[in-house]
Amino acid sequence: MNKKIVSLFLILLIIIFVVGFFSIKYVKEKKAGEVRGEYTPQEEISEEQFRETIVSLYFPDKETNLIKPEARLVNVKELIQAPYNVLIELLIQGPKSDKLKVVIPENVKLLNASLEGECLTLDFSSELLNYSKDDSKVKENLINSIVNTVTELNEVNKVKFLIDGNTNEDFKDEYVRK
């Protein structure tokens with residue numbers, strides 16, 4: 001009889017030990033799973049990525065010919081140093097999307113950009129006049145693309161164009177966002 005009680009006691013002790021072992025293992029895995037459930041980025045954010053901001057550039061749509069925004073990442077340090085130059089240079093480079101089209105004629109250079117009050121004066125090289133004059137929408141898109149892009153900056157509400165430092169009949173007005 002004593003052997004049966006000792007055997008049952010040992011079997012019960014082994015069962016308790018096994019159940020306890022697997023219970024502890026289950027609880028540990030569940031806790032580890034909760035920690036793993038939190039979002040962890042695949043890579044650390046680098047200093048360079050941290051210093052980028054999104055700007056909107058405006059280009060005509062190839063199908064509708066309407067001006068549409070395209071978001072770009074830009075280095076904040078460059079944008080702070082020369083915001084108008086950076087934005088115009090990105091417009092000159094053209095859109096990344098194949099659904100949008102280049103609006104500024106080839107070889108155009110921004111010669112100078114200066115802000116007086118809320119009016120930004122942009123002095124372009126004479127190549128700006130090489131836009132297609134057959135279609136009035138081309139000139140309108142050229143103006144709206146530039147104006148909508150630079151007026152994304154809070155301090156700019158109007159834009160004036162110069163060609164090689166002089167007022168030009170094609171761009172004689174001060175333009176506002178449309």
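# Close-up views of a predicted model

**View 1. K137 forms a salt bridge with E140, with 3.6 Å between the closest N and O atoms.** A salt bridge is counted when a side-chain nitrogen of Lys or Arg lies within 4 Å of a carboxyl oxygen of Asp or Glu. The model is predicted, so local features need pLDDT of at least 70 and side-chain atom pairs count only at pLDDT 80 or more, while totals for chains, interfaces and linings use all residues. Residues are numbered from 1 along each chain as its sequence is written, and side-chain values use heavy atoms, with hydrogens and water left out. K137 and E140 are three residues apart in helix 5, which means a separation of about one helical turn. Helices (H or I, at least four residues) and strands (E, at least two) are DSSP runs, numbered from the N terminus. K137 is partly exposed, at 24% relative accessible area, and E140 is partly exposed as well, at 36%. The classes are buried (under 20% relative accessible area), exposed (over 50%) and partly exposed in between, with a 1.4 Å probe and protein chains only.

View 2. E152 forms a salt bridge with R177, the closest N and O atoms being 2.8 Å apart. The side chains of E174 and K158 meet at 3.5 Å, N to O. Over the whole structure, the search finds six salt bridges.

**View 3. Four strands form an open sheet in the order 3-4-5-6, with mixed pairing.** Two strands pair if DSSP finds at least two bridges between them. Strand 3 and strand 6 (174-176) are at the edges with a single partner strand each, so one side of each has no neighbour in the sheet. Neighbouring strands are turned by 25 degrees against each other on average, direction ignored. Strand 3 and strand 4 run antiparallel and are joined by six bridges, with L115 opposite L120 in strand 4. These two strands form a hairpin with two residues between them, and G117 in the turn has a positive phi of about 65 degrees. Strand 4 and strand 5 run parallel, also joined by six bridges; here L122 stands opposite F161 in strand 5.

**View 4. Helix 4 and helix 5 pack with their axes 10 Å apart, at an angle of about 145 degrees.** Axes are lines fitted to C-alpha atoms, for helices over the stretch in contact, and angles run from 0 to 180 degrees between N-to-C directions. The crossing is right-handed, that is, the near helix is turned clockwise from the far one by less than a right angle. L87, I88 and L91 of helix 4 meet S145, I146, T149 and V150 of helix 5. Contact means heavy atoms within 4.5 Å. Helix 5 also lies across strand 4, strand 5 and strand 6, at about 130 degrees to strand 5.

**View 5. The largest nonpolar core has 34 residues.** Such a core is a set of buried Ala, Val, Leu, Ile, Met, Phe, Trp, Tyr and Cys residues joined through side-chain atoms within 4.5 Å. The residues with the most contacts inside this core are L122, F124, L128, I146, F161 and F171. Strand 1 (52-60), helix 4 (83-93), strand 3 (110-116), strand 4 (119-124), helix 5 (136-150) and strand 5 (158-163) each supply at least two of the core residues. Helix 4 gives the most, with six residues. Residues up to four places away in sequence aside, F171 touches L128, L129, Y131, K139, L142, I143, F161 and I163.

**View 6. Y58 lies in strand 1.** Y58 counts as buried, at 10% relative accessibility. Y58 and K101 are 43 residues apart in sequence and 9.9 Å apart in space, C-alpha to C-alpha.
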